[in-house]
Amino acid sequence: MNWISTGAIFSGLSVMLGAMGAHGLKNVLTEKKLSAFQTATEYMGYHGLALILVGIVCLKLGAGGTKALRKVGILLTAGVFMFSGSIYILTFDGPRLFGPITPLGGLCFMAGWFIFAGVIHKHFQNQAS
């Protein structure tokens, strides 16, 4: 999986959806739903940039950190689909069963960030030795 490409796609989609929300959905959604839509869009953009960073770090670390960083990429990608995706579905009155999926996406984000921090810490710890 190419994390840089995936991140760029998520980041591009976040800009597109953000513009759609700001201009095309203002008169369609309630203030609360528009706010949720914007949150989903922002998180997609942030984590798209994070995936680009993961891809760059993969290139820098080579085979040594790639396995753990693959987990980070998978978790951040799953987080985007579960967190942002479920909010998008709920914003347009999709099935309420997607409600419990949103926090699972948030957990994927957190786990991805913490594993990423561990990989970076371990790398710099090994560099100092």
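Me: What makes the length of helix α3 agree with its number of residues?

Reply: Helix α3 covers residues 63-91, which is 29 residues, and at 1.5 Å a residue it should span 42 Å. Its end C-alpha atoms are 41 Å apart, so the two values agree. Keep in mind that this is a predicted model.

Me: Where does α3 bend, and by how much?

Reply: The bend is at Leu69, and it comes to about 30 degrees. Just after α3 there is another detail to look at: Asp93 takes a positive phi of about 60 degrees.

Me: Why is the contact of Asp93 and Lys33 called a salt bridge?

Reply: The rule asks for a side-chain nitrogen of Lys or Arg within 4 Å of a carboxyl oxygen of Asp or Glu. Here the N to O distance is 2.3 Å, so the pair meets the rule. The pair links distant parts of the chain: Asp93 is in the loop between α3 and α4, while Lys33 is in helix α2, 60 residues apart. A search of the whole structure finds 1 salt bridge.

Me: Are these two residues buried or exposed, and how do you know?

Reply: Exposed means over 50% relative accessible area. Asp93 has 59%, so it counts as exposed. Lys33 has 25%, which falls between the 20% and 50% cut-offs, so Lys33 counts as partly exposed.

Me: Why is the aromatic pair of Tyr43 and Phe109 called tilted?

Reply: Start with the distance: ring centres must lie within 6.5 Å to pair, and these are 6.1 Å apart. Then take the angle: under 30 degrees would be stacked and over 60 edge-to-face. The planes of Tyr43 and Phe109 are 35 degrees apart, so the pair falls in the remaining class, tilted.

Me: What makes this pair a tie between parts of the chain?

Reply: Tyr43 lies in helix α2 and Phe109 in helix α4, so the pair ties together parts that are 66 residues apart in sequence. Ring pairs also link Tyr43, Tyr46, Phe83 and Phe109 into a cluster. In the whole structure, the count comes to 8 aromatic pairs.

Me: Why is Phe109 called buried but Tyr43 partly exposed?

Reply: Buried means under 20% relative accessible area. Phe109 has 4%, so it is buried. Tyr43 has 32%, so it counts as partly exposed. Across the protein, buried residues make up 39% of the 129 residues.

Me: Which residues line the largest pocket?

Reply: Lys33, from the salt bridge, is one of the residues lining the largest pocket, and Ile87 and Arg96 are also among them. This pocket has a volume of about 150 Å³. Here the elements giving two or more lining residues are α2 and α3.

Technical notes:
Residues numbered from 1 in each chain as written. Predicted model: local features only at pLDDT ≥ 70, side-chain atom pairs only at ≥ 80, totals over all residues. Heavy atoms only, no water. Helix = DSSP H or I, 4+ residues; strand = E, 2+ residues; numbered from the N terminus. Expected span 1.5 Å × (residues − 1). Bend = angle between axes of the 7 residues up to and from the residue. Buried < 20%, exposed > 50% of the residue type's maximum accessible area, 1.4 Å probe, protein only. Phe/Tyr/Trp six-rings, centres within 6.5 Å; stacked < 30°, edge-to-face > 60°. 1 Å grid on protein atoms, 1.4 Å probe; cavity = no way out; pocket = protein on both sides within 12 Å on 5 of 7 lines; lining within 4 Å. Points joined across faces, edges and corners; volume = space filled by probe spheres on them.
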